[in-house]
Amino acid sequence: MFPAKAPPRRATLLWAAAAFAIIAAACSSNGIPAPDPLVPTPILAPIPTATHAATPTPELKTAKATATAAPVAAPMPERILPLGVLRTAAPQPPVHFDPHQEASPALITWGPALVYDHLFRFDPDGLTAGAPPGSSGGSAGGVACALCESWEMADLTTYRITLRPDAFWQDLPPVNGRKVVASDVVFSFRRQATPGWPNAGLLSNIESITAIDPQTVEIVLKRPDAELFELLADGHSVIVAPEAVSESGNLLEGPIVGSGPWLWKSTSETRSVFGANIAYYDPVRPGVTTLEIAYISQGTQFTALLTGIIDFAQLGPEEFETATSRNTTLRVVDVAQSGVGLEFAINTGRALFDSLETRQALLGALTPWRNLAEIWSDDAFVSVGLPVTNPDWLLPESELRTIFSEFASVPPTPLSLSRDITIKVGLFDERYQEQARSIADALSRLGATVIIEEVTTREFGDAVWFGGDYDLFLGSQPPVASLSDYLLAVYHSNGAWNTTGYSTPELDGLIEAQAVESDPAVRRQTVLEIQRQILAGAHRFAPASRVVRWVYWPFLENFRPSTRRADGNFLSAIRVGDRPPGRR
């Protein structure tokens, strides 16, 4: 058996220097994007409650995974038999097999945790088997029922979730193919929430979870939460069998038995192998008979892709150019990752930048879209930098360009009459320094004398990002996956990480409103308005949010990669067509 190692104790991240060290280690000089951020919920400063008036209990809201406009639920498609072998790679193997005691994507996204299912799953289009758009009972970014069949809100903090009747554990000991029941969900979430465990923070807002009957789970929250479904769809929020845990008291060495689309076959230091669970309730998943994940370095993945050893890989700009020039049949999918990348901020508490007109003129002098081509090889995009799950929640580029054009029309303040301006730039990526030089050139045209001060990633986290000791800064965004956590911590007037000093009562109200809004359409409009309000303050934006570039061979079908919140669900949707001669 693959040797398991005891998991290290993990202190809850409050961010600061340790988190910047994570980003620094993940960034590389060739621009390979870091994995999706995975950190527990940050500790925030208290949010004022005076603005939250008592809300009448709403009528019961119900959303069914198979609901349609007609009175009869949409029929499930016929079973599509999986065919072929899908081969990919990840940088390293997991250190053990217990998904509730590990945050690393080595286990969750690219390892044995793929055998487990979730109560909900991410589905950007809102399209699951038999479910038309908008009927899946989801929230931001398209979250649909997986193990659940339907859900209902009894009030703003009480959810009743009905499990689907055709969900079964895999026919392996010790569960032997029995039905998935509500007590399995209760056991799993209570176990995940064990104090001190790395994924407990995802469920910290749950007051209680109860099995009402074998098919119904009731979740009561401490406070309304617009992101509940996202947290339950998170790659770490897996459902495990109590019998499997009871064999040894944990899952560090298995048994690895789930209710998901994959059957675990083996894991070693060099690869994991999975087979298709043809008894899985979703008739179109998995799309292949075998999934093989090799554990090889990023550079080796590039070579493995070109030689046909693996079928797809995530490549940096230089590797992408080389790969596509060597083989023009390779295809590419670009995935925008707002909330990951470079951000720029102005300290409005400094006397020079307490004037809105000055800040507007400063931003108007910048050339972020030209920088995308000159510095970032067009593998980035301009945004406000919010970590949204669905790109439709971002302000469109046309609106961003209009806002920056309006900034450019503001008469510039004679910055030459003031003191020198210092840009503190974190040493995360050599391109950050290039961006800093571009900003310095722009400010010099306004008459400013600019000093670029390079600081280590630790200094940036401690003194700059968390401590607020800067005029202007350029650095990596904090690894926070939750939109609400990010807004409350960074932009709210009581936010623990609001070091720019900018806030308004209107912005606070919008941030608080989106955090509890259960209607995704309403919340989306609120988040769009939040971005407009942030830019109206002319104090912070992301000049280079990351674009993750996936390159794959054309015989792959339905290749739609997304690893947000460590989700590896996209793997089960891929199908393998006819491989060309010579490809194994």
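**Figure 1. Pro255 is placed in the loop between α5 and β9 (262–267).** The peptide bond that joins Gly254 to Pro255 is cis, and its omega is about 5°. Helices (H or I, at least four residues) and strands (E, at least two) are DSSP runs numbered from the N terminus. The model is a predicted one, in which local features need pLDDT of at least 70 and side-chain atom pairs pLDDT 80 or more, while totals for chains, interfaces and linings use all residues. Residues are numbered from 1 along each chain as its sequence is written, and side-chain values use heavy atoms, without hydrogens and water.

**Figure 2. A cis peptide bond runs from Pro173 to Pro174.** Omega of this bond is near 10°. Pro174 belongs to the loop that lies between strand β6 (158–163) and helix α3 (182–192).

**Figure 3. The chain is shown as a whole.** Its secondary structure comprises 15 helices and 20 strands. Of its 584 residues, 58% count as buried (under 20% relative accessible area, with exposed over 50% and partly exposed in between; 1.4 Å probe, protein chains only). Contact means heavy atoms within 4.5 Å. When contacts between residues at least 6 apart in sequence are taken, 74% of them join residues at least 24 apart.

Figure 4. Asp234 occupies the loop between α4 (228–233) and α5 (242–246). With a relative accessible area of 3%, Asp234 is buried. Arg565 is itself located in a loop, between β19 (556–557) and β20 (575–576). Because its relative accessibility is 3%, Arg565 counts as buried. Its phi is near 55°, a positive value in a residue other than glycine.

**Figure 5. Ser377 has a positive phi although it is not a glycine.** The value of this angle is about 55°. Ser377 is situated in the loop between helix α9 (368–374) and strand β14 (380–383). Its relative accessibility is 44%, so Ser377 counts as partly exposed.

**Figure 6. Glu292 is part of strand β11 (residues 290–295).** Glu292 is buried, and its relative accessible area is 17%.

**Figure 7. Helix α6 (residues 298–306) packs with helix α7 (residues 317–326).** The packing angle is about 15°, and the axes are 11 Å apart (lines fitted to C-alpha atoms over the stretch in contact, with angles from 0 to 180 degrees between N-to-C directions). This angle makes α6 roughly parallel to α7 (under 35 degrees; over 145 is roughly antiparallel, 65 to 115 roughly perpendicular, the rest oblique). From α6, the residues Gln298, Gly299, Phe302 and Leu306 meet Glu319, Thr322, Ala323 and Arg326 of α7.

**Figure 8. Helices α13 and α14 pack at an angle of about 160°.** Their axes are 10 Å apart, and α13 and α14 are therefore roughly antiparallel to each other. On the α13 side, Leu483, Ser484, Leu487 and Leu488 make the contact, and on the α14 side, Ile511, Gln514 and Ala515 do.

**Figure 9. The buried residues of α14 pack against α13 (483–490) and α15 (520–536).** These buried residues are Leu507, Asp508, Leu510, Ile511, Glu512, Gln514 and Ala515.
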